[in-house]
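Here is a short briefing on one protein structure. Look at the model first, then work through the points below.

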Amino acid sequence: MSKTKRIGQKIKRNARISKYIIYKETLVDYREKFWSFIGAFTGIGLIAFIQSKYLLETENMFLIGSFGASSVLVFGAIQSPLAQPRNVIGGQIISALIGVTIAKFIPDIIWLTAPLAVATSIIAMQFTKTLHPPGGATALIAIIGTENIKNLGYFYVLSPVLLGSLTLLVVALIFNNMTKHRSYPTNGSLTNAFKSKGLKG
């Protein structure tokens, strides 16, 4: 088979796959939307509840913006490679570490530190195969966040980043496996554990 023919077949195959993905994305599956809503509402609601009930006003920082973006992935795009547990936890932690390190050791020059934190976190996530887009926001928050966040130093990596990400992940493992139409994560081992406990609908 000639090289030109192989390239042509590959292009046609990719076009078929793209059409299928676009078609699936335009389908309105109300069950999917329902569980996406319930999962995101519960995950973010739980983090917000902990923040409002158990943290002092001066420490009100358990809920950070990047968790909203993580929720889009772990509840709305659960089959995406970017939404898998390794990516959620690894990507967030790596990005937080990078953001805090840059904030601590490089002078406060926003036009340098902000892009450096985001760009470095992207490369680090790519190298470690933990790419999670909200990680870029997590790194950026360490740079441009309030003084309360900056004063946390490396504790920012533990709380809110790690604890908040774990909260979202646990809620995602529960709600994304409560029906036979959803399965999370894609590797199946954790999914089977949750399904076997009678959580599927």
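Ser159 sits in helix α8. The model is a predicted one. Is Ser159 buried or exposed? Its relative accessibility is 17%. Buried means under 20%, so Ser159 counts as buried.

**Ser159 and helix α8**

- Set aside the neighbours of Ser159 within four places in sequence, and Ser159 is in contact with Phe62 and Leu152.
- Helix α8 is made of 21 residues.
- From its first C-alpha to its last, α8 reaches 29 Å. That is close to the 30 Å expected at 1.5 Å a residue.
- Where does α8 bend? The bend is at Leu162, and it is about 30°.

**How α3 meets α8**

- The axes of α3 and α8 are 10 Å apart. The two helices pack at an angle of about 25°.
- Angles under 35 degrees count as roughly parallel. α3 and α8 are therefore roughly parallel to each other.
- The crossing of α3 and α8 is right-handed.
- On the α3 side, the residues are Phe67, Ser70, Ser71, Val74 and Phe75.
- On the α8 side, they meet Pro160, Val161, Gly164, Ser165, Leu168, Val171 and Ala172.

**Helix α6, an enclosed helix**

- Helix α6 covers residues 134–144. How many of its 11 residues are buried? Eight are, so α6 is largely enclosed by the rest of the structure.
- The buried residues are Pro134, Gly135, Gly136, Thr138, Ala139, Ile141, Ala142 and Ile143.
- What covers these buried residues? The cover includes α3 (66–76), α4 (85–105) and α5 (110–128). It also includes α7 (147–152) and α8 (155–175).

**How α5 meets α6**

- The axes of α5 and α6 come within 9 Å. They cross at roughly 150°.
- Angles over 145 degrees count as roughly antiparallel. α5 and α6 are therefore roughly antiparallel to each other.
- The crossing of α5 and α6 is right-handed.
- From α5, the contact is made by Ile110, Thr113, Ala114, Ala117, Val118, Ser121 and Met125.
- From α6, the contact is made by Gly135, Gly136, Ala139, Leu140, Ile143 and Ile144.
- Among these α6 residues, Gly135, Gly136, Ala139 and Ile143 are also on the buried list for the helix.

- Which residues does Ala124 contact, leaving aside its neighbours within four places in sequence? They are Ile94 and Ile98.
- Ala124 and Ser95 are 29 residues apart along the chain. Their C-alpha atoms are separated by 7.9 Å.

**Gly45 in α2**

- Gly45 lies in helix α2, which spans residues 30–54.
- The relative accessibility of Gly45 is 32%.
- Gly45 and Leu63 are 18 residues apart in sequence. In space, they are 9.6 Å apart, C-alpha to C-alpha.

**The whole protein**

- The secondary structure comes to nine helices and zero strands.
- The order from the N terminus on is α-α-α-α-α-α-α-α-α.
- Of the 201 residues in the protein, 37% are buried.
- Take the contacts with a separation of 6 or more: residues 24 or more positions apart account for 62% of them.

How values were computed:
Residues are numbered from 1 along each chain as its sequence is written. This is a predicted model: local features need pLDDT of at least 70, side-chain atom pairs count only at pLDDT 80 or more; totals for chains, interfaces and linings use all residues. Side-chain values use heavy atoms; hydrogens and water are left out. Buried means under 20% relative accessible area, exposed over 50%, partly exposed in between (1.4 Å probe, protein chains only). Helices (H or I, at least four residues) and strands (E, at least two) are DSSP runs, numbered from the N terminus. Contact means heavy atoms within 4.5 Å. The expected span of a helix is 1.5 Å times one less than its number of residues. The bend at a residue is the angle between axes fitted to the seven residues ending there and the seven starting there. Axes are lines fitted to C-alpha atoms, for helices over the stretch in contact, and angles run from 0 to 180 degrees between N-to-C directions. Angles under 35 degrees count as roughly parallel, over 145 as roughly antiparallel, 65 to 115 as roughly perpendicular and the rest as oblique. A crossing is left-handed if the near helix is turned anticlockwise from the far one by less than a right angle, and right-handed if clockwise.
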